[in-house]
Amino acid sequence: MLNGYRPAAHLRGLSLPKEAPSVVTQAVAATCRVAELRRARPGWRASDRRGRGAKPVATIGTHLCEPRPGAVEASVLLVTGERTWAMALRLERHDQTWCATTLRLV
């Protein structure tokens, strides 16, 4: 998603139906922020729009907690080039499947 390999809408099927619009909206916003950063870098070319030639977004740290059984919250430290972000993600277990209920990129 952030590196351009999957569309943000891919998260719709990995989310609860009532939470999917919010999760996808946040994923689209995060993808746009990464794309803007890449366009702002010197030497950017239109061929870089899917992340080719650009530094990929990488995970450099994670922290997990379980606020209650069946729910996991994660904070993830992401980096691309010289820019660092934090992402918050909440997953809940429903019908033997883990579903994203919240996603935020800060």
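Guide: A handy term before we look around: a residue counts as buried under 20% relative accessible area, as exposed over 50%, and as partly exposed in between. Also, keep in mind that this is a predicted model.

Visitor: Thanks! What does the secondary structure of the protein come to?

Guide: There is 1 helix, and there are 4 strands. If you read along the sequence, the pattern is α-β-β-β-β.

Visitor: And how much of the protein is buried?

Guide: Of the 106 residues in the protein, 30% are buried.

Visitor: What holds strands together in general?

Guide: Strands of a sheet pair through backbone hydrogen bonds, and the pairing can be parallel or antiparallel.

Visitor: Okay, how many bridges are there between strand 1 and strand 2?

Guide: Strand 1 pairs with strand 2 (residues 71–80) over 8 bridges, in the antiparallel sense. For instance, Cys65 has Glu73 in strand 2 as its bridge partner. Thr62, in turn, stands opposite Val76 in strand 2.

Visitor: How many of the residues in strand 1 are buried?

Guide: The count is 0 among its 11 residues, so to speak a strand that is hardly covered.

Visitor: What span should its 21 residues have?

Guide: At 1.5 Å a residue, helix 1 should span 30 Å. Its end C-alpha atoms are 30 Å apart, so the two values agree.

Visitor: Which of its residues are buried?

Guide: The buried ones are Ala20, Val23, Val24, Ala27, Ala30, Val34 and Arg38. Looking down the axis of helix 1, you find them within an arc of 125 degrees, so they line one face of the helix. These buried residues pack against strand 2, strand 3 and strand 4.

Visitor: Can we zoom in on Val24? What does it touch?

Guide: Leaving out residues up to four places away in sequence, Val24 touches Ala8, Ala9, Leu11 and Arg12. Val24 has a relative accessible area of 9%, which is why it counts as buried. The C-alpha atoms of Val24 and His10 are separated by 8.1 Å, and the two residues are 14 apart along the chain.

Visitor: Now the core. Which residues touch the most other members?

Guide: In the largest nonpolar core, which has 16 residues, those are Leu2, Leu78, Met87 and Leu105. Helix 1, strand 2, strand 3 and strand 4 are the elements that give two or more residues to this core. Helix 1 provides the largest share, 4 residues.

Visitor: Where do nonpolar side chains tend to go in general?

Guide: In soluble globular proteins, nonpolar side chains tend to be buried together.

Visitor: Back to Leu2. What does it touch?

Guide: Again not counting residues up to four places away in sequence, Leu2 touches Ala30, Thr31, Val34, Arg38, Val57 and Leu78.

Visitor: Last topic: what's in the loop between strand 3 and strand 4?

Guide: Asp95 is one of the residues there, and Gln96 has its place in that loop too. Asp95 has a phi near 50 degrees, a positive value in a residue other than glycine. For Gln96, phi is near 65 degrees, also positive in a residue other than glycine.

Visitor: Is Asp95 buried or exposed?

Guide: Exposed, because its relative accessibility is 75% and the cut-off for exposed is over 50%.

Visitor: And what is the relative accessible area of Gln96?

Guide: Gln96 comes out at 65%, so Gln96 is exposed as well.

Notes:
Residues numbered from 1 in each chain as written. Predicted model: local features only at pLDDT ≥ 70, side-chain atom pairs only at ≥ 80, totals over all residues. Heavy atoms only, no water. Pairing = 2+ DSSP bridges. Expected span 1.5 Å × (residues − 1). Buried < 20%, exposed > 50% of the residue type's maximum accessible area, 1.4 Å probe, protein only. Arc of directions from axis to C-beta. Contact = heavy atoms within 4.5 Å. Core = buried A, V, L, I, M, F, W, Y, C linked by side-chain atoms within 4.5 Å.
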